[in-house]
Structures are given as C-alpha cells and as structure tokens.
Amino acid sequence: MSSARPPRDRDTACDVSRRGFLKGAGIAAAGTVLAARSALAQSDGPAGLTRHGPGPTPIELTVNGASQRVTVDPRSTLLDVLRDQFDLTGPKEVCARGACGGCNVMLDGVVVNSCMTLALDAAGSKVTTVEGLAAGEKLDPVQAALCRHDGLQCGYCTPGFVVAIRSLLDRNPKPTADDVRDACSGNICRCGTYPKVIEAALAATGVQIAAGNVADNAAVCMESEGGRVDAPQKVTGRARYTTDVNLPRMAFAQILYCPFGRATIKSADRDAAAAVPGVLEVVLNEKEYKYCGQPCGHIAAESRHALDEARLRLNVQWEIGTPVVDPVAEHQSKHGPIPPELKKSGAGEKVTAALGEARHVVERVYQTQIQTHACLEPHAAVADHRGEEGEMWVSTQANIVIHGEAANAMKLDRSKVRTHCEFVGGGFGSKFGIDAEGRLAAELSRKFTRPIKIVNNRKREHLDTGCRPGSIQYMKFAAGEDGVPAAGQVHVVGVSGLGGGGDASNPDHYEFGDVARTFTDLDLSVGHSRPMRAPGKPQGMFAVDSFVDELAETAGVDPLVLRRSIDPNRTRKRMYEIGAERIGWASRPKPDGAGSGRFRRGIGVGVSNWGNGQGNASVGIHVHRDGTLKVLCGTQDIGTGVKTLLADVVADQLKIDRGLITALTGSSEYPPGPPSGGSVTSRSVAPAARDAAEKARAKLAELSGMEVSDRDSWVAACRKMGEESFSVVGSFNKAYWGKGGSEAVQFAEVEVDTHTGIVRVTKVVALQACGRPVNRLTAENQVIGGVIQGVSYALFEEKILDPVTGAMLNPNLEQYKILGPRDCPEIIPILWAEGDDLGVRSIGEPPVVPTAGAVANAIANAIGARVRSLPISPAKVLAALAERGGVA
Amino acid sequence: MIPFEFVTARSFEAAAQLLAESRRGDVLLKAGGIDVVDRLKEGLDRPKVILNIRGLRPARADAVRKGDNGLTIHALATLTEINENEAVRTDYPAVAAGTRKPATPQVRNVASLAGNLCQKPRCWYYRSLDFRCLKKGGDRCYAVNGDNRYHAVLGAGACHIVAPSSAAPSLMACGAMLRIGRYVDGKLSERTLPIADFYRVPSNPQDDEFQLGHDELILDVTLPQSAAGRHSAYVELKEKQSFDWAMASCAVNLNERAAPRIVLGAVAPIPWRLPKVEQLVAGQKLTDTLIAEARRAAIADARPMTNNGYKVTLAGAVLEHALRAADEGA
C-alpha cells in the first residue's frame with residue numbers, strides 16, 4: 001500500500017475543508033485489507049506477460065498532467081481511483097455501466113467512461129478529468145459558456161457533459177448542433193437541460209447565440225442575463241455532493257434487498273460473505289418478502305471492494321412465490337370489474353340519466369406506467385457519530401426534515417447534531433427524509449464508532465426509493481352536440497406498491513359537469529410510491545387531455561375550440577391563442593391522420609395549473625463592513641437555483657448588484673428553510689429574503705445614520721457603521737407574496753414514422769405562468785426540464801416488471817430509457833408574467849404535467865389512431881395503426 | 001467483483017499461449033473491456049485471470065490497412081477508428097454505419113471490433129444474476145412466460161436471445177473473413193473463417209453463439225475487395241435515438257448485384273442471413289412489388305412470442321429501408 005494515505009487523525013473528521021473531505025481514509029483501510037490477503041505480485045512472466053494482483057498492485061497514473069504512484073486493486077475502476085485517491089469529485093458514478101456519461105474522462109484525449117475502464121488499463125495513458133480543463137480560476141470556454149447559458153441544473157451530470165463537449169471541440173472546432181447532440185448522445189441529464197447545453201456548446205465555439213428565449217422573456221424577468229451563482233462550482237466538478245464526502249476511517253455499507261415480487265430466502269452463504277477480509281458485518285433477515293426491492297439485510301465493510309465481494313459470496317438463493325404484478329387481474333379479484341357499477345343515487349343517478357339521453361357517449365380507458373425518479377445522484381448518506389455529537393451528510397430535498405431524523409437515528413439531542421446537503425443531484429420528490437440509507441448509516445456509525453457511507457447502487461435506486469405510480473383510468477361521459485361533457489363516470493385505479501398513493505388527478509382543470517368518481521389503490525409487489533414531480537398530475541392529465549380530444553373528435557369539433565368552452569381559466573384561454581399561433585395550430589392535419597407519406601406530422605395540446613399556498617421560510621443576512629452580504633437559508637438547492645434566487649431577490653430589493661452577495665444554503669446551521677416539495681421553495685424563500693433585506697436596510701440606516709437606496713449608498717453606509725458586521729433574520733411577509741396560479745399550456749408537434757411506429761417530438765411551445773420571474777435563465781430551465789421529463793415519460797420511461805417473478809427487468813439506465821440529447825425537441829419556453837406583482841409562483845412541477853397529453857394528442861392527430869397507454873412505444877403505435885387498418 | 005489476477009499480454013502469441021495453457025473458464029479474455037467489465041460487475045463471470053489484450057491496440061493509422069485482398073481491420077481497432085476510416089466510409093458504408101450507430105461515443109472510443117463481435121447477449125434475464133436461465137445452466141428460458149418484448153422472433157431454439165452486435169450484420173453483408181489465432185506447437189497458428197460461418201445457434205444454450213475455441217482469439221477481419229462499393233447500407237431501428245439497443249436492424253450489400261447479401265440483426269440469436277430474400281432480389285431491379293415480396297419472404301418463418309410481434313413488422317420495415325438505402329448508394 002505504497003501510496004494509500006494513512007488514516008487521518010480522528011479530530012480532523014469534522015474538518016469540512018476540501019482536503020479534509022476528499023482524502024479518503026476509506027481507501028487506506030481498503031489497502032490494508034488487500035495487502036493482508038496477498039503479496040504484491042507484479043512480475044514479468046516468461047512469455048511476454050505482465051501480472052498484477054490479485055490484491056493491491058502499484059501503478060503510475062498521469063492525471064491532469066501530474067504523475068502519481070498509487071496502489072490499486074485489479075478490480076478498481078479508473079473512476080474509483082480518481083475519486084478515492086486523486087481527490088477528484090468531477091467524475092461521478094451514476095449508472096456504473098457506461099450508459100450515462102456521468103463518469104466521462106479523457107484518456108489520451110479521447111472521451112471514455114471511467115466506470116467501465118479498469119484503473120490498470122489507464123496506466124501509461126494521460127487521464128484528463130473536468131478538473132484538468134480550467135486553468136486555475138480561468139474556466140475553459142466550454143465551462144464558461146455553460147455558466148452563461150445555464151446549461152445545468154442540479155449539476156450532477158455537468159462534468160460529464162463538459163468533458164464530452166471539450167473532447168468534441170478538440171477534434172471539431174466548428175461543430176453543428178447535430179454534432180453536439182451526437183457527441184453528447186452518451187450523456188444523460190435527468191433535470192432536462194439539453195437545449196441549454198447544446199446552445200452553450202455552440203457558444204463556446206464563438207458562434208453568436210442568444211442565451212435562452214430573450215425575445216419572449218427578457219422584458220418580464222427581474223434578472224435576465226445573470227446565470228446561476230453556483231454554476232462555476234458545478235462546471236468544474238468542485239461542487240460537493242453527498243456522494244463526494246469522504247471522511248477519515250470511513251467504512252461502507254449496502255442495503256440488501258429481495259429481487260423478486262414475493263420470495264423467501266432458501267439459502268445464503270453467510271460464512272463466506274463474513275469471511276471476506278474487511279467485512280464488518282453481514283445481516284440477513286429471514287421472512288417472507290412482499291415486493292421487489294424490499295430490504296432484507298445489509299453488509300458493512302471497510303472498503304467497497306469488500307462490500308461488493310461479500311454481496312456476491314453471500315449468494316442468496318430465493319424461493320420465489322407468486323407476486324402481484326397484473327393490475328387488471330388484481331382489480332378483478334379484489335374489487336370486481338373496471339368500471340364499478342354506478343350508484344343508484346346521488347351523482348351516480350344523475351350520470352346514469354345523462355348517459356341515457358346524451359347526443360354523444362364517449363367511453364375510454366387509459367393506462368400509465370410506473371415511472372422511477374432515477375435521480376442521477378442516488379440516495380446517499382454519510383453518518384459520523386462521534387459519541388457526544390454527530391454529523392450527517394444526506395442527499396436530500398428537505399434539510400429541515402433530515403436534521404430531526406438524523407438526531408433521532410443517532411440517538412442524540414438535536415442541538416448536538418449537524419446535517420448538511422449543499423448540493424443534491426436530483427430529488428424529484430424521492431428525497432424527503434434520511435430514509436433507510438440514512439437510518440442504517442447512523443446506526444452503524446454509532447455501533448462501529450466510525451463514519452459510515454452508504455450510496456445506493458443504481459439497481460436498488462430503481463427498486464425501492466420511490467416511483468410515480470402507474471394508473472388505469474376509466475372515463476365515460478355524456479356530451480352534447482358540441483362535444484361539451486354534461487356528466488360522466490371516472491374510475492381511477494392506482495398502481496403502486498404497498499401503502500398506495502396512486503391517485504391521479506382525473507378529472508381536473510376542465511368543466512365536466514356531474515362526475516361520479518371512484519378510486520381504488522392497488523398494492524402491487526413493487527417498491528412504494530413516493531411523491532414524484534407533480535404527484536398524480538401527469539398521469540391524470542394524460543388521460544384528461546386525451547379524453548378531451550376524443551370528445552372533440554367524436555363531436556367533430558376542433559380540440560382547441562372545445563377547450564375554450566370547457567376551460568374556466570382566463571389565463572389559459574389567452575395562452576391557447578398565443579400558443580396556437582406559435583406552434584402553427586392552423587396547419588395541423590384535419591381530420592386526424594389526413595397527411596400522406598411515411599412520416600406524419602401532428603400537433604396536440606395539454607394543460608395544467610398549480611396552487612400556490614403560502615409557505616414559510618427564514619432567511620438570515622450577515623452584513624459586513626466592506627459592503628458585502630452573506631444570505632443564509634437552511635433550504636437546499638435541488639437544481640432549481642435557490643442560491644441564485646436569494647442573491648437576485650436581495651439584490652433587487654436593495655437595488656445593489658449581486659456581486660456583493662454570497663448566498664449559502666444546505667445546512668442545519670442556517671435559518672430553517674422549506675423542504676423542496678410542492679414547488680414551494682422559491683415562493684416561500686423569496687418573500688422572506690425581501691423581508692430580511694428590508695430589515696438589513698433599516699438596521700444599516702440606524703447604525704450608519706444614512707439613507708440607503710442604491711449600491712453606492714449601501715456601501716458607503718456599511719463603511720460608516722460602527723460595527724464590523726450585523727445580522728438580521730427575515731421571515732414570511734405578505735407584502736412580497738404573490739397568490740396567483742401557475743397555469744400552463746403546452747403545444748407539442750410530433751413526427752411519426754408510420755413504417756416503424758417511432759415517434760419524434762420535434763417542437764414544444766410551453767407557456768408557463770409564474771408570477772414575476774426572478775431569474776430568466778433558471779426559470780426557463782425549469783420549464784424546459786419539465787417538458788423534457790414529460791416527453792421522456794410519454795415515450796420512453798417504464799419500470800418493467802417480470803410477469804412471473806415480479807422482478808424489475810430494467811433496473812439500469814440502459815433499458816430504463818431516459819430521453820437523451822438526440823431525442824430532445826426544440827422547446828420554446830414562454831414565461832407568462834402579469835402585472836407588476838413581485839410575487840414568485842411555483843414553476844417546479846407544473847411544466848411536467850401537460851406534456852404527455854400534448855404528445856399523445858399530437859400523435860393521434862398525425863396518424864389518426866390513438867395510443868391510450870404510456871409509454872407510447874413503437875410497438876403500441878404500430879398496434880394502433882394496425883387496428884385502424886394501416887395508414888392511408 | 002471477485003478478486004482476479006490481471007495479466008497483460010504483450011503480443012497475440014503470448015496471449016494465445018496463456019489461453020492454451022489454461023482451463024476453460026479460468027481465464028477471461030478482455031479487449032476494450034466494455035462487455036467484460038459489465039459482466040464482472042454483475043457477477044456473471046468470476047474468472048481467476050483477466051487476460052488483457054487491450055494494450056495490443058495498434059496505432060490509429062494501423063487500425064485499418066489496405067491490402068491486395070481488401071481492407072483488413074485489426075481485431076483491436078476501436079469502433080470509432082473503424083467508422084472514421086476513410087476507406088471504410090467510401091467502400092463499405094454498411095460497416096461504417098454498423099460501427100457508428102451502436103452504443104455511445106464513449107463506448108465506441110473503447111470497444112474493439114473483436115470484443116463487439118464476441119459480446120454476450122443483452123437479454124435481461126441472462127444479464128441478471130437473479131435468474132438462473134438456460135444460458136446460465138438453469139432449466140428454463142424465462143423469456144417464454146416473461147416479458148419478451150426485446151427477444152427473438154426468428155431462429156430461436158430453447159433460448160430466445162438476440163444477437164447484440166451491430167457490427168456483425170454489416171460485416172456479414174460485406175463477406176468479411178476472420179483470421180483466428182491459436183497457440184499450437186510452440187507458435188501461433190492461424191485459420192480463416194467467413195463471418196457467416198462464425199455465428200451458429202448453439203445446440204446447448206450455455207455455449208457461445210460464435211465459433212471460437214476457449215484457446216482462440218480473433219486477430220483481424222478482412223473486408224474483401226469484391227464487396228466494396230457504395231451500394232451497401234446498415235439501418236437500425238431504436239426506441240430512443242440517443243444510446244439504445246436496436247429493436248431490429250438490417251445490413252444489405254448490393255455491390256455484387258448477382259450475389260447480394262442481406263442480414264437482419266437484433267431479431268434472432270445470431271445475425272440472420274436471408275438467403276431467400278437474396279435469391280429474390282439477385283440481379284433484379286428493386287421495384288415496390290419486389291420489395292413487398294422481399295418483406296414477406298423475410299418474415300415468413302417468424303415465430304413471435306407474446307410481446308414481440310411488433311418486431312416482425314419492424315424486421316420487414318428495416319429490410320425495406322436498408323434495401324432502398326443500399327440501392328440508392330452512399
């Protein structure tokens with residue numbers, strides 16, 4: 001273990017400096033274990049062979065221009081070694097199987113997946129990571145352009161994109177947009193930033209290209225040009241996520257799980273697993289497991305190699321039972337047929353009467369799939385229980401929640417526990433607590449009196465960290481001559497794991513008259529649902545917007561004309577006008593499927609809205625004598641850009657420039673901010689930030705005796721005040737709160753290959769009401785990201801369950817298909833701001849809602865046949881075409 | 001992963017010698033490592049030794065060499081080196097496409113031609129340690145009663161995998177010859193084999209779909225001069241256009257009009273040559289009627305499973321697209 005670092009002193013464990021974090025003593029421990037097992041074995045064989053291992057072996061690696069001798073295991077990937085022994089946090093492990101580009105590095109100038117490259121294969125080559133691209137503080141042009149164009153959100157995938165684009169530009173200094181899409185086609189961004197990434201890549205070549213939709217949005221935004229304040233950290237790989245936290249003496253653990261829908265343990269080789277050097281404990285619980293992914297124990301070990309080897313040697317054999325995976329059969333056996341009979345009284349009676357005398361009766365069934373959150377940063381926790389006090393890092397979207405949970409799990413008073421999450425690689429509703437990962441890390445850290453790190457592998461992440469439930473939605477309505485529904489029946493079946501949560505927002509947004517609505521939640525043998533970006537809404541509106549189009553088709557009216565009649569929302573009515581013009585509604589095929597040729601174009605529309613309840617937050621401001629400010633809030637930035645919002649809002653309120661402001665978030669040590677759920681973060685934090693800014697202004701005026709009205713007077717007053725610094729805390733203030741809605745209308749244009757059923761979404765016009773947009777680039781990015789997740793949901797994503805065993809068959813990022821750069825439509829985000837309202841409204845969730853319905857309607861418009869089940873795969877399109885009797 | 005010894009060979013001969021002296025299953029040959037590392041991570045393979053030949057990769061300029069018999073591609077040339085090669089692009093457009101379409105830029109920068117030809121199938125039952133399927137020595141093919149949307153519609157025996165290589169169909173359409181080495185009597189001896197004979201549906205599903213002894217390795221692949229020309233094409237159909245596995249693919253070579261070669265990919269356990277379709281179109285002008293007939297002939301023997309009937313339609317469609325593209329020429 002020549003170069004493995006010695007274990008650092010315990011006292012430095014809470015050192016949060018970069019150095020303290022990154023020099024992983026976990027590796028030192030691993031090295032010790034491996035050294036104990038086998039002597040170094042590097043020798044030239046007689047026949048032109050060089051031998052390494054098994055066990056630790058010294059090699060020389062040249063990384064970012066510097067050569068270093070390190071000791072690696074032949075099993076070590078280049079990614080492991082870069083992260084654990086070179087202090088590098090830019091390359092990330094996301095899919096671990098070469099499908100996502102999160103771990104991209106350059107090997108002799110060529111981009112490769114470092115997760116699929118053994119470290120031994122990199123010896124003798126020049127390795128360049130994202131950290132090697134910036135020259136000191138001077139960013140590479142690609143990095144600078146990504147900052148300017150906001151080509152990032154949560155930032156977890158960003159280093160991988162930077163490397164892919166840099167590698168492209170090295171070979172091809174003047175690429176086209178298609179070249180960029182090709183070069184990035186092995187990269188996945190879950191937040192959906194592709195359009196801005198591509199724009200930035202072109203800008204990096206010197207092409208003059210506007211950052212985002214200046215024409216539509218610049219005039220209404222508070223800050224139009226400034227990108228996000230923490231972008232430089234993200235584009236350089238310096239942003240530190242929970243998975244990047246390494247502490248001295250840290251050990252590792254992994255949760256074991258049942259891979260089938262229903263099973264008991266037949267046998268397991270516990271002794272063999274426990275005998276793997278470095279294993280701390282192996283726990284396997286015998287009982288009947290009732291869903292795919294259900295935790296059944298754990299392994300703790302001093303190194304990840306030991307953890308992985310022990311998992312394989314444990315060799316659990318399962319007795320597989322009969323899982324519940326077929327929702328239709330389950331509904332039939334537990335709740336009878338779909339739909340249930342209408343009641344003879346109340347709404348049921350009215351609906352029966354209306355159906356009896358209606359001009360049109362339309363009856364349809366829609367189905368949606370189970371979608372997983374697939375955050376690129378998996379659920380992860382590091383716990384450091386130090387006896388009297390404790391500290392935890394958790395990948396979370398609710399710092400305020402995890403602090404209490406961490407204290408409970410560590411069995412310590414809250415005042416003795418600190419928790420952190422400054423950066424999080426996506427949450428989307430799946431990260432509201434410390435979860436099983438955090439609880440186990442806390443428990444093991446207490447037990448073994450050393451830091452414990454748990455990072456889910458991609459499979460467990462898919463199986464049991466939440467999902468958007470699937471649904472079956474039955475709709476039968478009576479409609480008049482004009483297609484306007486008078487009354488009808490809706491039956492929603494929620495398709496999710498134990499514990500339910502599968503309701504869909506159906507009916508919603510439109511006036512449907514009297515509705516007899518029933519809902520049944522089924523418990524399938526799959527992982528529990530968790531809220532996922534607009535819970536219940538995308539699945540509901542896919543069915544609702546599809547059904548509205550089917551009503552229109554039945555009545556022979558234009559779907560937009562029918563929407564104007566049944567949509568009571570005045571904002572959306574105006575959005576219909578603008579959006580229709582921008583997408584070219586008048587040019588859509590009439591009737592559906594009226595085009596000719598192999599490729600058919602179609603246009604569809606979908607809608608949503610979002611309530612904007614009042615949210616609470618506290619924001620602290622430290623004002624310093626040199627005029628600079630620290631703005632502190634304990635909330636977290638899940639990629640929406642809350643630090644940027646804090647800086648922009650405070651700058652706007654005080655009429656100072658944001659260069660004076662440093663925004664800090666993501667710690668239990670700051671004034672408490674809201675969990676990022678229900679799209680409340682910005683709308684809660686902004687009024688509190690304005691309130692804090694006003695308090696700061698008043699206090700500064702008092703201390704300096706000066707009037708403070710702009711940057712110059714602010715700085716002058718700070719210099720004049722008698723104190724070195726002072727602090728204020730702001731909280732909710734109604735004066736700065738906007739209580740309107742977050743209406744959304746989206747128009748999608750598609751092209752369908754009628755030979756193959758392959759659908760390409762070519763363009764989406766996304767109109768999004770959002771109060772007063774604070775930062776144009778981050779707001780546009782939210783809308784674009786919502787659309788991209790919506791298209792991905794509409795066409796690709798699906799948790800596929802084996803019908804016999806209930807196992808998830810695609811627990812990876814290869815066959816769990818997430819939209820990539822080459823599948824990304826042109827997206828025109830139009831931020832809909834009204835009046836001079838300072839209020840910030842929600843835009844995190846509403847833009848993901850209308851997309852699937854709009855895409856489904858566009859496909860039906862293109863081919864004259866409708867797919868009523870998500871995802872709309874080529875197989876389903878071909879089946880719909882065949883049912884219609886082929887294309888004309 | 002289970003610990004292994006990592007042995008780097010400095011020559012094909014050294015590698016072949018180690019293979020010859022080892023028992024089947026003990027040594028796993030690794031080139032670029034894309035498929036091997038994947039299998040090691042899943043725990044599907046647990047070799048004592050990884051025999052690494054990645055370092056035998058030639059200089060970029062030597063990856064593809066022009067000779068008297070055609071174009072010779074080094075076994076360890078990367079897919080990127082092949083598809084960026086000017087001679088390949090000009091004379092074998094199907095091969096250029098077959099090495100440009102699969103996977104991702106990062107993977108193509110590393111994946112070798114030999115590794116691509118010898119990768120294991122992507123069947124999700126086979127690839128998961130949780131299923132002891134026929135191919136892993138178990139007693140059943142889980143795809144039969146399971147979810148078989150991506151499984152075989154043609155030529156399957158008891159095991160319903162589809163051939164994963166995108167390069168293989170186009171190489172087969174271009175009549176590629178493999179040079180295969182093996183260590184005998186103190187030196188590397190060679191045999192050559194048409195790629196069409198390299199792939200066989202094994203009678204025992206545990207066996208590979210390619211004919212390579214455990215002591216053999218591919219040295220290079222030659223594209224014959226007779227197959228050169230602008231009239232070859234490779235088309236693949238994918239659900240997602242950014243990194244996805246093909247649902248169906250087709251390579252067509254019409255440069256020798258009288259003896260065309262047509263191969264489907266991703267629909268059968270091996271690259272699936274269509275001799276009846278070749279006979280139909282041989283020497284003929286490709287009319288709409290003939291193409292329709294070719295489509296029917298291509299899928300006449302299809303045996304779709306419960307979820308993959310659409311692949312039969314796609315096989316016909318991709319055949320048509322590839323035929324038209326090859327006819328038109330690159």
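This is a short tour of a predicted model, stop by stop.

Residues count from 1 along each chain as its sequence is written, and chains are lettered from A, with ligands numbered from 1, in the order in which they are written. Because the model is predicted, local features need pLDDT of at least 70, side-chain atom pairs count only at pLDDT 80 or more, and totals for chains, interfaces and linings use all residues.

**Stop 1: strand E3 of chain B**

Select residues 49–52 of chain B, strand E3. Helices (H or I, at least four residues) and strands (E, at least two) are DSSP runs, numbered from the N terminus. B:Val49 and B:Leu51 sit on one side, B:Ile50 and B:Asn52 on the other. In a regular strand, side chains alternate between the two faces of the sheet. Are these four residues buried or exposed? All are buried, with 20 or more other C-beta atoms within 10 Å of their own; exposed means 12 or fewer, partly exposed is in between, and C-beta atoms are placed from the backbone.

**Stop 2: the neighbours of E3(B)**

Strands pair if DSSP finds at least two bridges between them. B:Val7 has B:Leu51 as its bridge partner. Show helix H2(B), residues 34–42: E2(B), H2(B) and E3(B) form a right-handed β-α-β unit. Right-handed means that, with the strands pointing away from you, the path from the first strand over the helix to the second runs clockwise.

**Stop 3: across to chain A**

Keep E1(B) and select E2(A), residues 49–52. These strands pair antiparallel over four bridges. A:Arg51 stands opposite B:Val7.

Widen the view: 46 residues of chain B contact 54 of chain A, contact meaning C-beta atoms, placed from the backbone, within 7 Å. E1(B) gives the largest share of chain B's side, five residues. That side holds 22 nonpolar, 13 polar and eleven charged residues. Ala, Val, Leu, Ile, Met, Phe, Trp, Tyr, Cys and Pro count as nonpolar; Asp, Glu, Lys and Arg as charged; the others, Gly among them, as polar.

**Stop 4: helix H24 of chain A**

Select residues 776–795 of chain A. H24(A) has 20 residues and reaches 29 Å from first C-alpha to last, close to the 28 Å expected at 1.5 Å a residue; the expected span is 1.5 Å times one less than the number of residues. How many of its 20 residues are buried? The count is 20 of 20.

Definitions and conventions
Contact = placed C-beta atoms within 7 Å.
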